Amino acid sequence: MSYQDVAVSTVANGTVRTLSRHEELPLLRDHLLRLDHQSRHDRFHGFMDDDFIGRYAAKCASDGTLVIAYIVDGVVRGAAELHPPGTSPDLQPEIAFSVETSLRRKGVGSVLFKKLIEVAQSKGYRALRITTGSQNDAMRALANKFGANLTFRYGESTGTIDLEEQPKPEPARTLTITPIDAARAAIQFNRAYWKFFFRLYGWKIA
């Protein structure tokens, strides 16, 4: 078995589902605490200590934030957060993503992003706001893949995703990632990443 086969099989062992309210605090908190220094910096647009993350997870568990998790053996290894409109200054729902290092570039982010958009559409939201650090090229490419128009300001990239331009949601279900799902998502993400990277530096591609 090749290394690539092992990577896809690992992703295929996980499931994607929405965390129940009593699960959110410990599972989301522990996931965020496992992020390495750079991943934590990318997620929060700067390094945040463990106490901040504990408070952040507690806030998410109490303010109506919906957490869609990628779970392996009962442990959250990736999370997509949908923050309700009332928690943002402009009353626009905001989204955030985090994937642990061992599962980067394997399609997990794409699967979470797609599922989050479906859930947001089912709630009747028309647009979503996403904010990411200026150095987080992977997340910027992923957002670009789903139609976000990002602008750079004060060390951050901020954009809006028009949900009316996205495919209509499928019936709600717990998603088990198959090897084909994982491979397809990884290929699509890598293609989007490199296109974004080339455009960023002014290189033309076919």
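A pocket is an open set of grid points with protein on both sides within 12 Å along at least five of seven lines, and its lining residues have an atom within 4 Å of a point. The model used in these exercises is predicted.

**Exercise 1. Describe the largest pocket and find which element gives the most to its lining.**

Step 1. Take the volume. It is about 740 Å³ for the largest pocket.

Step 2. List the lining. It has 39 residues. Arg 43, Ala 96, Phe 97, Ser 98 and Thr 131 lie nearest the centre.

Step 3. Assign elements. H3, H4, S4, H5, S5 and H6 each supply at least two lining residues. S4 gives the most, with 6 residues.

**Exercise 2. Locate the largest nonpolar core and its main contributor.**

Step 1. Count its members. The largest nonpolar core has 28 residues. Ile 95, Phe 97, Leu 112 and Phe 113 have the most contacts inside this core.

Step 2. Trace the supply. Strands S2, S3, S4 and S5 each give at least two residues, as do helices H5 (108-122) and H6 (137-145). H5 gives the most, with 8 residues.

Step 3. In soluble globular proteins, nonpolar side chains tend to be buried together.

**Exercise 3. List the contacts of Phe 97 beyond its neighbours within four places in sequence.**

Step 1. Apply the cut-off. Contact means heavy atoms within 4.5 Å.

Step 2. Read off the partners. Phe 97 touches Arg 43, Ala 79, Ala 80, Leu 112, Phe 113, Leu 116, Ile 130 and Met 139.

Step 3. Look beyond this core. A second, separate core has 13 residues, including Leu 19, Leu 28, Phe 44 and Ile 71.

**Exercise 4. Check the span of helix H2 and find what covers its buried residues.**

Step 1. Pick out the buried residues. They are Glu 23, Glu 24, Leu 28, His 31 and Leu 32 in H2. Leu 28 also belongs to the second core.

Step 2. Name the cover. It includes strands S1 (15-18), S2 (66-72), S3 (75-83) and S4 (94-99), along with helices H3 (37-44) and H4 (50-62).

**Exercise 5. Summarise the whole protein.**

Step 1. Count elements: 7 helices and 8 strands.

Step 2. Of the 206 residues, 46% count as buried. The protein exposes about 10900 Å², with carbon and sulfur atoms supplying 54% of that area.

Step 3. Check contact range. Among contacts with a separation of 6 or more, 67% join residues 24 or more positions apart.

Terms used
Residues are numbered from 1 along each chain as its sequence is written. This is a predicted model: local features need pLDDT of at least 70, side-chain atom pairs count only at pLDDT 80 or more; totals for chains, interfaces and linings use all residues. Side-chain values use heavy atoms; hydrogens and water are left out. Helices (H or I, at least four residues) and strands (E, at least two) are DSSP runs, numbered from the N terminus. The expected span of a helix is 1.5 Å times one less than its number of residues. Buried means under 20% relative accessible area, exposed over 50%, partly exposed in between (1.4 Å probe, protein chains only). A nonpolar core is a set of buried Ala, Val, Leu, Ile, Met, Phe, Trp, Tyr and Cys residues joined through side-chain atoms within 4.5 Å. Accessible areas come from the Shrake-Rupley method with a 1.4 Å probe; for residues, only the protein chains shown count as cover. On a 1 Å grid over the protein atoms alone, a cavity is a set of points where a 1.4 Å probe fits but cannot get out, and a pocket is an open set with protein on both sides within 12 Å along at least five of seven lines; lining residues have an atom within 4 Å of a point. Grid points are joined across faces, edges and corners, and a volume is the space filled by probe spheres set on the points.
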